[in-house]
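Work through the exercises below with the structure open beside you. Each task is followed by a solution in steps.

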Amino acid sequence: MAQKKPRAPQPPRKVQAPKQRTAGTSGPRTFGNRTWLYVGGGIAVVIVLVLIGVFALGSSGGTSEKQVAKLMSAAGCNFKTVTAYVPPGQGVHVASLTKKFPWNTDPPSNGQHYPLWAVWGFYTDPINPRMVVHNEEHGGIVLWWGKDVPDSTVEQLRAFYNEQPDGTFGTPYAKLGSKVAISAWTGDPAKYGTNNYFGQGHLAICPRVDAATLKAFEEFRKAYRGHGPEGIPLSLDEPGMGPQ
């Protein structure tokens, strides 16, 4: 089928930097007994524990990923996380829409891709996966379905897409046959491309779409959407946005 041409997106809305509060300062304070020392020490311990908890929850191997894996298993899906792969000494962007890339999942969840991403949306005609991987790099989750998936299932996927379309993409992928899949690419933007670090790819392939599958997809979306290795905000991944 003919690939849809990327269309010029609406101008992205401005991302407002968070406001910072300037707290008043006071001079050093002297305490008359050890009680305040214990209180201060206790507060410091609590802060450290909170920071450790936040880090653990935010990491790809933390509680969220375990929950994703559990729900995917309950839905009968095959779920895995892989180390994102780009051949050493080669670039992430390759200006070819036909070259076979050494992707380590199928459908692709990471790796080399075309320099221009696809216009964000939900498509019923296949979009070249070499472009779609670039959408994943920007923090998108991708819904894929095979050529034998019934229209009613595609409409279930479309409804899931419509719940939170920013940073979500949908496209047929003939090789899946009667199956559906969801994928994402995550990573630390501060390390991306350094020492051959490119983050992680996440992929689940499912035999059907039912209540259990959609519950697993919701957890997948919560865990990975908007966490692409380039650090692109979801405000730049709205439907209709794409290369100019």
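**Exercise 1.** Find where Phe 220 and Tyr 224 lie, and how many residues apart they are.

*Solution.* Both residues belong to helix α5 (residues 211-224). They are four residues apart, about one turn of the helix. Helices (H or I, at least four residues) and strands (E, at least two) are DSSP runs, numbered from the N terminus. An α-helix has 3.6 residues a turn, so residues three or four places apart point the same way.

The model is predicted: local features need pLDDT of at least 70, side-chain atom pairs count only at pLDDT 80 or more, and totals for chains, interfaces and linings use all residues. Residues are numbered from 1 along each chain as its sequence is written, and side-chain values use heavy atoms, with hydrogens and water left out.

**Exercise 2.** Classify the ring pair of Phe 220 and Tyr 224.

*Solution.* Start with the rule. Rings of Phe, Tyr and Trp (its six-membered ring) pair if their centres lie within 6.5 Å; planes under 30 degrees apart count as stacked, over 60 as edge-to-face and the rest as tilted. Here the centres are 4.8 Å apart and the planes stand at 75°, so the pair is edge-to-face. Next, check burial (buried is under 20% relative accessible area, exposed over 50%, partly exposed in between; 1.4 Å probe, protein chains only). Phe 220 has 0% relative accessibility and counts as buried. Tyr 224 is buried too, at 3%. Finally, widen the view: ring pairs link Phe 79, Phe 220 and Tyr 224 into a cluster.

**Exercise 3.** How many aromatic pairs does a search of the whole structure find? Then classify the pair of Tyr 123 and Phe 169.

*Solution.* The search finds eleven. For Tyr 123 and Phe 169, the ring centres are 5.4 Å apart and the planes at 35°, so this pair is tilted. Tyr 123 lies in the loop between β1 (78-83) and α3 (129-137), and Phe 169 in strand β3 (residues 168-172), so the pair ties together parts that are 46 residues apart in sequence. Tyr 123 is buried at 7% relative accessibility. Phe 169 is buried at 0%.

**Exercise 4.** Which residues of α4 are buried, and which are exposed on the other side?

*Solution.* The buried ones are Thr 153, Val 154, Leu 157, Phe 160 and Tyr 161.
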